[in-house]
Amino acid sequence: MLYIATIVRPSSVHGFGCFCQEFQAKGKTVWAYEPRVDHILEEGQANPWEWEHAYRSPMSRHLILSRENSCWINFSDTPSLIVGPVLNGEPSLVAAWDLLYGDELTVSRETDADADLKLYEPQPK
């Protein structure tokens, strides 16, 4: 669940992205797993869109689909979000630097155990 206001719009990184609509200080939590908002998908349950927009937790190995704008967070080699403390049983994401209005939220590939499959392999049917 996102802790800040965001908007989805076209991204220079890939397709659409999730963008800040407010300031968030470096080190502050931007996203954390919240079972009331983020859904754990059973193996083989995800359709292609869900699989592309969900992430596989490197910690629990669950396939998690956020039911809000965070499913539009893109990968980057210079991510604006980094792994933070474990909250509700999953790693959270914190601001890597002061995030300003309009900054795109991005993560490293290490935050999704399926990242290489999503980036380099065809999607499951």
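Where is the place of Trp97? Trp97 sits in the loop between strand 9 and strand 10, where helices (H or I, at least four residues) and strands (E, at least two) are DSSP runs numbered from the N terminus. The model is a predicted one, so local features need pLDDT of at least 70 and side-chain atom pairs count only at pLDDT 80 or more, while totals for chains, interfaces and linings use all residues. Residues are numbered from 1 along each chain as its sequence is written, and side-chain values use heavy atoms, with hydrogens and water left out.

Back to Trp97: with a relative accessible area of 37%, Trp97 is partly exposed. On this scale, buried means under 20% relative accessible area, exposed means over 50%, and partly exposed is in between (1.4 Å probe, protein chains only). Leaving out residues up to four places away in sequence, Trp97 touches Gln24, Ala25, Lys26, Thr78, Pro79, Ser80 and Asp103; contact here means heavy atoms within 4.5 Å. The C-alpha atoms of Trp97 and Val13 are 18 Å apart, and the two residues are separated by 84 residues along the chain.

Next comes the interior. In soluble globular proteins, nonpolar side chains tend to be buried together. A nonpolar core is taken as a set of buried Ala, Val, Leu, Ile, Met, Phe, Trp, Tyr and Cys residues joined through side-chain atoms within 4.5 Å. The largest one in this model has 16 residues, and Leu2, Val30, Trp31, Ile73, Leu81, Leu99 and Leu105 have the most contacts inside it. Strand 2 (16–20), strand 3 (29–31), strand 9 (90–95) and strand 10 (104–107) each give two or more residues to this core. Another core, of 7 residues, lies apart from it, with Trp51, Leu63, Leu65 and Cys71 among its members. As for Leu81, its contacts beyond four places in sequence include Val30, Ile73, Leu93, Leu99 and Leu105.

Now for the sheets. Strands of a sheet pair through backbone hydrogen bonds, either parallel or antiparallel; two strands count as paired if DSSP finds at least two bridges between them. Strand 7 runs parallel to strand 10, with 2 bridges between them, and Asn74 has Thr106 of strand 10 as its bridge partner. Thr106 counts as buried because its relative accessibility is 5%. Beyond its sequence neighbours within four places, Thr106 is in contact with residues including Val13, Ile73, Asn74 and Leu81.

Strand 10 also holds Glu104. Glu104 is buried yet has no salt bridge, and the nearest side chain of opposite charge, Arg9, is 7.4 Å away. For charge, Lys and Arg count as positive and Asp and Glu as negative, with His and the chain ends not counted; a salt bridge is a side-chain nitrogen of Lys or Arg within 4 Å of a carboxyl oxygen of Asp or Glu. What the side chain of Glu104 does make is a polar contact with the side chain of Asn74, at 2.9 Å. A polar contact is a pair of N or O atoms within 3.5 Å; within protein, one must be able to donate a hydrogen and the other to accept it, and residues adjacent in sequence count only if both atoms are side-chain atoms.

Strand 6 (residues 63–66) is covered on both faces: Leu63 and Leu65 on one side, and Ile64 and Ser66 on the other, are all buried. Strand 4 (residues 38–41) joins strand 6 through 4 bridges in the antiparallel sense, and His39 stands opposite Leu65. Strand 5 (residues 55–56) is also antiparallel to strand 6, over 2 bridges, with Tyr55 and Ile64 as bridge partners. The hairpin of strand 5 and strand 6 has 6 residues between the strands, and in it Arg61 takes a positive phi near 70 degrees. Arg61 is partly exposed, at 47% relative accessibility.

The structure holds 5 salt bridges. In one of them, Glu43 and Arg56 bring their closest N and O atoms to 2.8 Å. Glu43 lies in the loop between strand 4 and helix 1 (48–53) and Arg56 in strand 5, so the pair ties together parts that are 13 residues apart in sequence. Asp77 forms another with Arg109, at 3.3 Å between the closest N and O atoms. Here Asp77 lies in the loop between strand 7 and strand 8 and Arg109 in the loop between strand 10 and helix 2 (115–120), so this pair links parts 32 residues apart in sequence. Finally, salt bridges that share partners join Glu43, Arg56 and Asp114 into one network.
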